[in-house]
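Let's take a walk through this model, one piece at a time. Keep the structure open beside the text and follow along.

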Amino acid sequence: MMRTRAALLAVVALAGTFQAVVPALPEWLGRAVSDTLIAVLLASAAVTYARRIRREQTRRTQVAVAVGATSAALWSAGNVLFLIDELTPPTVLITPAGVLSVGAALLLPVGMHLLAPPVRGAERYRRLIDVAAVSGAVYALTWLYVLVPAQDRGTDGMTYGFATMLIGPEIVAAAVALVTMSRNLPTRAGRAPRLLGVAAVVLALTAMLALRSNVNGQPWYSLGAGAGYLLAAGLVAVTSHLETPRPVPAGTERMISGRWAFLPYVPILLAVGASAAEQIRTGRLGSVLVWVLLVTFMLVLVRQFITVAIVGRLAITLERQQAELAHQADHDALTGLPNRGYFHRSGAELVAADPGRCMVLLLDLDGFKPVNDDLGHAAGDEVLIAVAGRLRAAIRPTDLVARLGGDEFVLILTELDAEPAGLAVAHRILESITHPIGVLDTTVKIGGSIGLTLSRSGETLDTLIREADAAMYAAKSAGKGTVRRFVPAAVPAN
């Protein structure tokens, strides 16, 4: 980290020093020095990137580094041609040099995009709309401060179409850079893509400043363009030494939140403010500018619709996950019946709400252990699932059945008018359990023992469960496959 900061400070110092010195140099010499420094910086970046390609561990990062090497090499070659053209007239190399420079500028955001974590689904479309909207906003600013002044001053050869062709690639590159930078990238892994993004933005801004200087008839380095090109090249050179982040897909937080999320809105707000100032100053806006702004606002609106859809879908997914987690917390994973914790909470409420008319039944299966021992735990699980289904079918919606653990189940029957009604349900349950159960291409037969107790005013659920448990053991002792009611121990007479 300290090395990166030192390198960045050195690049800023170099760019600032050149901007301060270049006015004192002949124009051809200033251009030559600038071209030389940029070519050297980018050539070193191209070599560094090229050496790293084979060391990268994934295909995506290999392609990203290869794109970085290509961009730096094209940019360096373009400035070499500019240098040759500056030193050896006639000027015949400007066009190929410009083509190489534009190609390099377009590749910068591509490398940046590949270095950033990939996005999926609707987020891809939202990013594309962001790029289009930001491009429109930047073009509106270019229209106001470069293209219109160029036409008003009658600059030779500076038509709207020609100027747009010159500046268009840098505008798109800057838009891609701003949108990618706006994502909440990991702090350490985000250094490389963010620095490349800053380089792309600086390059686009410098191109606009240089074009405005040309329109104003000022030297090419005016308005800071001299430092801008050097700064962008230096940033690429520094980035070539940074570690490549792992291409882990971005999570939701990194897609729609973070302190960088405001970046795409900056040029849009600037375009609105500049257009408002122009309207106040002149009382009119050009039709092209109006249409650019309208399309940009429409894209922003579409983007917001997509964002609402994404957030809405995430909210629905979160609600479903929360409901699923709540269900898992309260229910047995195997049988789907309520678990011990849910039973104690809900059962206590049932007993307290209707004292004297609730019956607690404790069921323990007979013959379950041999099934587990002979056929395995998978067969035992199938038996437990079948028993759970039969218990559900034997009770009413107002009753409660739960699995306490192992082969032990508990039930609460509510709104009983008399004890015999509860006893009838208990016998019906035992009868249903004894029916053969299909397990692993065979059938098994089990039974059960039930102990029960009737609720009384003032008795807690824990007390009733202990009573039912004692009655269940009495049923086991009586030969299994039967029902026993809890009978309190007789109190000795004095």
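Strand β6 (residues 447-454) has 7 of its 8 residues buried, so it is largely enclosed by the rest of the structure. Buried here means under 20% relative accessible area, exposed means over 50%, and partly exposed is what falls in between (1.4 Å probe, protein chains only). Helices (H or I, at least four residues) and strands (E, at least two) are DSSP runs, numbered from the N terminus.

Before going further, a word on what you're looking at. This is a predicted model, in which local features need pLDDT of at least 70 and side-chain atom pairs count only at pLDDT 80 or more, while totals for chains, interfaces and linings use all residues. Residues are numbered from 1 along each chain as its sequence is written, and side-chain values use heavy atoms, with hydrogens and water left out.

Back to β6 and its partners. Strand β1 (residues 359-366) pairs with β6 in the antiparallel sense, over 8 bridges; two strands pair if DSSP finds at least two bridges between them. Look for Asp364, which stands opposite Ser449 in β6. Strand β7 (residues 483-485) is joined to β6 by 3 bridges, and these two run parallel. There, Leu452 has Arg485 of β7 as its bridge partner.

β1, β6 and β7 turn up again when you look at helix α15: what covers its buried residues includes β1, α14 (377-394), β3, β6 and β7. Those buried residues are Glu419, Gly422, Val425, Ala426, Ile429, Leu430, Ser432 and Ile433. They cover an arc of only 165° around the axis, which puts them on the same side of α15; the arc is that of the directions from the helix axis to the C-beta atoms. The helix length checks out too: at 1.5 Å a residue, the 16 residues of α15 should span 22 Å, and its end C-alpha atoms are 23 Å apart, which agrees. The expected span is 1.5 Å times one less than the number of residues.

Two loop residues in this part of the chain deserve a glance at their backbone angles. Most residues other than glycine have a negative phi. Glu415, though not a glycine, has a positive phi of about 55°. You'll find Glu415 in the loop between β3 (408-413) and α15 (419-434), partly exposed with a relative accessible area of 43%. Leu440 isn't a glycine either, and its phi is positive at about 50°. Leu440 sits in the loop between β4 (437-439) and β5 (442-444), and at 53% relative accessibility it counts as exposed.

Now for the nonpolar cores. A nonpolar core is a set of buried Ala, Val, Leu, Ile, Met, Phe, Trp, Tyr and Cys residues joined through side-chain atoms within 4.5 Å. The largest one has 73 residues, and Trp75, Leu108, Leu196 and Val236 have the most contacts inside it. Helix α5 (residues 122-152) gives the largest share of this core, 13 residues. Apart from it lies another core, of 32 residues, including Leu337, Leu384, Val401 and Leu430.

Which residues does Val236 touch? Leaving aside neighbours within four places in sequence, Val236 is in contact (heavy atoms within 4.5 Å) with Leu42, Ala45, Tyr49, Ala72, Trp75, Leu108, Leu196 and Ala199. Gly68 lies in helix α3 (residues 59-87) and counts as buried, at 13% relative accessibility.

Move to helix α2 and pick out Arg52. At 9% relative accessibility, Arg52 counts as buried. Beyond neighbours within four places in sequence, its contacts are Val65, Thr239, Ser240, His241, Leu242, Glu243 and Thr244.

Helix α2 (27-52) and α8 (225-239) are what the buried residues of α1 pack against. These are Thr4, Val11, Ala15, Phe18 and Gln19. They cover an arc of only 105° around the axis, which puts them on the same side of α1. On the other side of α1, Met2, Arg3, Leu9 and Ala20 are exposed.
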